[in-house]
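This report describes part of one protein chain. Look at the sequence and the structure first, then read on.

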Amino acid sequence: MISRREIIFIILIPIFLGCSGQNNQKINIVFDKPPTLKKEQEFISNISSLALNKNLSKFLKDQNWVNSFLIKKHAFDPIEIFIETREPKYIWREKFYLDNDLSKFLYFGEHPNLLHLYMPIEMVDEWLKVQDQIYLAVESFSLEISSVTYTEAEGWYFQSKNNLRVNLGSELSSKVFKKLSLTLKYIFEKNLTPSIIDLRYEDGAALNYGK
């Protein structure tokens with residue numbers, strides 16, 4: 001449930017949305033941040049029927065986009081619903097968002113610029129362990145990673161927003177990170193524009209200039 005401290009924070013920066021309920025009783029919905037998810041919009045649109053059917057609490061408990069909520073009912077004042085939503089961090093397999101705790105909730109294309117992950121869910125933790133090191137290596141060369149993939153056949157690889165693919169291999173080790181930094185340094189110093197960097201070779205890297 002939402003803690004007292006979080007309630008105070010939400011009330012200070014609320015987003016109020018009103019609608020009519022039974023006997024014209026109003027409902028104020030207070031989100032902790034602007035609602036951008038399709039499921040949030042559907043909830044706002046259907047709030048009247050949910051309140052009338054007295055299924056509101058059960059409905060919110062069943063919503064995986066809801067992190068926590070609090071419903072306050074008053075005899076003559078509007079019903080207040082405080083909702084803390086999950087923050088999308090990654091897009092997993094084009095079907096789900098993942099938040100910082102790797103909790104899943106449905107993806108409908110609302111935040112397409114988030115990092116896309118294509119891998120078994122159990123491999124996401126492996127990526128998170130090395131994500132900062134990879135970002136540090138590529139950001140020095142103004143590269144932005146758009147997606148990360150893991151398959152049994154090819155191992156790990158990522159795609160940048162300018163369509164550069166980097167094959168990392170089956171293990172994400174310090175040796176691979178060093179090789180990645182050195183290879184990127186080399187191609188940018190030489191003003192090279194490969195479409196694929198393959199780091200799976202023991203003694204170096206291969207550059208592919210095909211499409």
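## Strands around β12

In this predicted model, strands β12 and β13 (residues 204–208) pair in the antiparallel sense over four bridges. Two strands pair if DSSP finds at least two bridges between them; strands (E, at least two residues) and helices (H or I, at least four) are DSSP runs, numbered from the N terminus. The two strands β12 and β13 form a hairpin, with two residues between them. Within this pair, D198 stands opposite A206 in β13.

Strand β12 also pairs with β11, in the parallel sense. V166 has I197 in β12 as its bridge partner. From β11 the chain crosses through helix α5 (residues 174–189) to β12, in a left-handed β-α-β crossover. A crossover is right-handed if, with the strands pointing away from the viewer, the path from the first strand over the helix to the second runs clockwise.

| Pair | Sense | Bridges |
|---|---|---|
| β11 (residues 165–169) and β12 (residues 196–201) | parallel | three bridges |
| β12 and β13 (residues 204–208) | antiparallel | four bridges |

S160 lies in strand β10 (residues 155–160). S160 counts as buried because its relative accessibility is 1%; buried means under 20% relative accessible area, exposed over 50%, partly exposed in between (1.4 Å probe, protein chains only). Leaving aside neighbours within four places in sequence, S160 is in contact (heavy atoms within 4.5 Å) with L143, E144, I145 and S146.

Residues are numbered from 1 along each chain as its sequence is written.

Conventions
This is a predicted model: local features need pLDDT of at least 70, side-chain atom pairs count only at pLDDT 80 or more; totals for chains, interfaces and linings use all residues. Side-chain values use heavy atoms; hydrogens and water are left out.
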